[in-house]
Each structure stands twice: as structure tokens, then as C-alpha cells.
Amino acid sequence: MTLPLQCYRCGAEYTYIGKSPHSGQCPACGSSCVPPAGSLTVVNSVHWESANGLAKVWVHSVDERDRPFEFEVAAHGRRGKLVAIKVDGVPINPQVDETLETLPPAVKAKIEAQGITDVEIATVTNSKA
């Protein structure tokens, strides 16, 4: 399997060739701010909702190298918007990497379990939670 990757910190593009998940570390700068290694597993989620129906969901997950990923969705009713992603505690710009244009299946399922079934991803901005 050949997997094109990009570091979210330094922007280096590189290729991983192998069957197991990639190392989870940029070969150029050593940063752990790279795409998920293997699949993500949800470890926790927090849901907040106001009386007027505005809500936020934070989904905490880890990849197969135990690196933490956090997805933050702001919503009103069933419609939501991905407003932030953190990789290993560092806010990243998901528009840098096409692999983040869709929510990972485990994260999407957790958000849908909160009743948010329509999540917009295209114009993400990072916030400090």
C-alpha cells in the first residue's frame, strides 16, 4: 500500500509504503502533526447544548499509534459545522490535507448519535477550545 501524507506543521509531503499504519511522525521535522495512522477509535466525547438549541460536540479519538485527535462541531438542531481539529493537542488547518475533507467513520457516528446528521466540513477554521 502506498499512502501520500503531508505534515500539518512543516508542510512536508512524503509517501508511506507498507501494510501497517505509518509511524505517525513527519520524517522531515519529527512532528506528530500528521494524518491518522490507521483508523481512529473514539475514546470520549463531550456534548453541550444551550436552551435555544445551539450545541457543541467535542469528539476525542486516538489513532493506531495512540496519538490524540480532537474534532469540534458546532450545531443548531440537526445541522452542524466542523469548526476545529487538533492533532496531538495542536490546532491544524484541515484544508491542507484532502483526507480530512470527510469525518472519520467513528467520529461521524459519535456526532450522529448526538442528533447532528448534516455536518459541513468545507470551510473549517481553527478555534481555541
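Analyst: Here's a quick tour, starting with the ground rules.
Analyst: This is a predicted model, where local features need pLDDT of at least 70, side-chain atom pairs count only at pLDDT 80 or more, and totals for chains, interfaces and linings use all residues. Residues are numbered from 1 along each chain as its sequence is written, and side-chain values use heavy atoms, leaving out hydrogens and water.

User: OK, what's the secondary structure of the protein?
Analyst: There's 1 helix and 8 strands, in the order β-β-β-β-β-β-β-α-β. Those are DSSP runs numbered from the N terminus: helices are H or I with at least four residues, strands E with at least two.

User: Which strand is joined to β4 by 9 bridges?
Analyst: That's β5 (residues 68-76), running antiparallel to β4; strands pair if DSSP finds at least two bridges between them. H60 stands opposite E70 in β5. The two form a hairpin with 5 residues between them, and D66 in the turn has a positive phi of about 65°.

User: And how many bridges join β3 to β4?
Analyst: 8, also antiparallel, with β3 at residues 41-49 and β4 at 54-62. This hairpin has 4 residues between its strands, and G53 in the turn has a positive phi of about 95°.

User: Switching topic: which residues touch the most other members in the largest nonpolar core?
Analyst: F71, L82, L103, V107, I111 and V119, out of 19 residues. β5 gives the most to this core, with 4 residues. A nonpolar core here is a set of buried Ala, Val, Leu, Ile, Met, Phe, Trp, Tyr and Cys residues joined through side-chain atoms within 4.5 Å. Buried means under 20% relative accessible area, exposed over 50%, partly exposed in between, with a 1.4 Å probe and protein chains only.

User: Now the charges. How many salt bridges does a search of the whole structure find?
Analyst: 3, counting a side-chain nitrogen of Lys or Arg within 4 Å of a carboxyl oxygen of Asp or Glu. One of them joins E72 and K56 at 2.7 Å, N to O. E72 sits in β5 and K56 in β4, 16 residues apart.

User: Is E72 buried or exposed?
Analyst: Buried, at 2% relative accessible area, whereas K56 is partly exposed at 27%.

User: What does R79 form a salt bridge with?
Analyst: D118, with the closest N and O atoms 2.9 Å apart. R79 is in β6 and D118 in β8 (residues 118-120), so the pair ties together parts 39 residues apart in sequence. R79 counts as exposed at 56%, and D118 as partly exposed at 36%.
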